[in-house]
Amino acid sequence: MALKGVRKASKNPPVLSHEFVIQNHADIVSCVAMVFVLGLMFQATAPLASVFIALQHNASDPETLPSADTPITYTYGSRDAAAVFFYCLISIVMHAIIQEYILDKVNRKLHLSKTKHSMFNESGQLLIFTAVSAAWGINILVKDNLFPDITSLWAGYPEGHAQMSFMLKFFFLVQMSYWLHCYPELYFQKTKREEMSAKIQHATLYLIFCTAAYVLNFTHVALVLLTLRFIEEGLHHICRLLYFAEKAQAASTGFRIWNVVFVCCRLASIIITILTFHYGLGSADDQTLDTAAGNFNTPFIRLNALVAVCLVQAWMMWNFIHFHLRQMRERQAEQLALKKKMAERKSRKGRRDDSKRSSEEDFSELPEVDQQTRRRK
């Protein structure tokens, strides 16, 4: 009866308690998001609700466009903060849906430990997001004609970069919203204190990078760097999920492929960054700060952007090398321990053989009458 009482208490915690908010956070957040959606249905609240849902700061007038097929472009501004807040709510709801209807069902079949359960959920969430973001980034690169010509990363700055297509602007708003939602998820997912620092660091780096690129109009080069990162990171999470699912052979092969892809993506990111900030933007005619025109191509900003990206790539490479060196030392320690055990077993077997041989020699040296007497015993 006590057990039933405990279960009932866990299912129905006090209203507005921490446990109640954690268990029902997806429903609470979805209700808040629905308030903005319902606001679009009424004429009095539609202008305010559209600030949170629709993209703002339209840079082109639909009435003056040459044709209906001409794409509408956007800039950034203060009202984008409202859209980031709304899509942050959507990210929390999507996180809960993926967790409940996909990851929890897979976890029940795998019967993972608590540590592996947490890591599996993290990799599952990030795999879905990185896969969607990588495919989305490639689609934008192709549609905006950024993929074939590398000079498009700096050519026409700032005019061609300050005005973004609908999908490019929406991509960066979703990126900022997703990485911002990672902070409340630490509370909703009851993240352990020792795991918080790594997750906060991971989300903060992405949030700073995306926000800086969005504000400084470096969205083209940032899109390429993010797409490369998402391809590599998505492959890494696939390998982790295979490892947790005890597919050792497939996981081992996947990690070998990921090792090569990781190094190639780091080198490609450094090369693209140097070409863009040192060669491309560094040779531009206008290198004066003009916030009204969206021109942030100054030597100081370029140098800081170049150093920041290269430092992040070097830091990731250092962690990669340090991880493999640690694994190598652990494997060597395991091999030495195994060899030591084998040597101890051989020495014990040798001592037993020697004692058996010595007893047989002592037996053979006894007189025949004593040998018969010992056999009878």
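Helices (H or I, at least four residues) and strands (E, at least two) are DSSP runs, numbered from the N terminus. The model is predicted, so local features need pLDDT of at least 70 and side-chain atom pairs pLDDT 80 or more, while totals for chains, interfaces and linings use all residues. Residues are numbered from 1 along each chain as its sequence is written, and side-chain values use heavy atoms, with hydrogens and water left out.

**Exercise 1. Work out how α4 (residues 46-53) packs on α5 (residues 80-110).**

Step 1: get the geometry. Axes are lines fitted to C-alpha atoms, for helices over the stretch in contact, and angles run from 0 to 180 degrees between N-to-C directions. Here the axes are 6 Å apart and the angle is about 75°.

Step 2: classify it. Angles under 35 degrees count as roughly parallel, over 145 as roughly antiparallel, 65 to 115 as roughly perpendicular and the rest as oblique. That makes α4 roughly perpendicular to α5.

Step 3: list who touches whom, where contact means heavy atoms within 4.5 Å. From α4 come V51, F52 and I53; from α5 come A82, A83, F85, F86 and Y87.

Step 4: sort them. Ala, Val, Leu, Ile, Met, Phe, Trp, Tyr, Cys and Pro count as nonpolar, Asp, Glu, Lys and Arg as charged, and the others, Gly among them, as polar. The tally is eight nonpolar, no polar and no charged.

**Exercise 2. Now do the pair α10 (residues 219-244) and α11 (residues 248-280).**

Step 1: their axes come within 9 Å and cross at roughly 170°. The two helices are therefore roughly antiparallel to each other.

Step 2: this contact divides into 19 nonpolar, five polar and four charged residues.

Step 3: ask how enclosed α10 is. Of its 26 residues, 20 are buried, so α10 is largely enclosed by the rest of the structure.

Step 4: zoom in on F262, which is found in α11. At 5% relative accessibility, F262 counts as buried. Leaving aside neighbours within four places in sequence, F262 is in contact with R229, E232, M316, M317 and F320.

**Exercise 3. Which residues touch the most other members of the largest nonpolar core?**

Step 1: A nonpolar core is a set of buried Ala, Val, Leu, Ile, Met, Phe, Trp, Tyr and Cys residues joined through side-chain atoms within 4.5 Å.

Step 2: of the 60 residues in the largest one, the answer is F171, F172, W179, F218 and F230. Helix α8 (residues 166-188) gives the most to this core, 11 residues.

Step 3: follow W179. Skipping neighbours within four places in sequence, W179 is in contact with L126, F129, H202, A203, Y206, L207 and F230.

How values were computed:
Buried means under 20% relative accessible area, exposed over 50%, partly exposed in between (1.4 Å probe, protein chains only).
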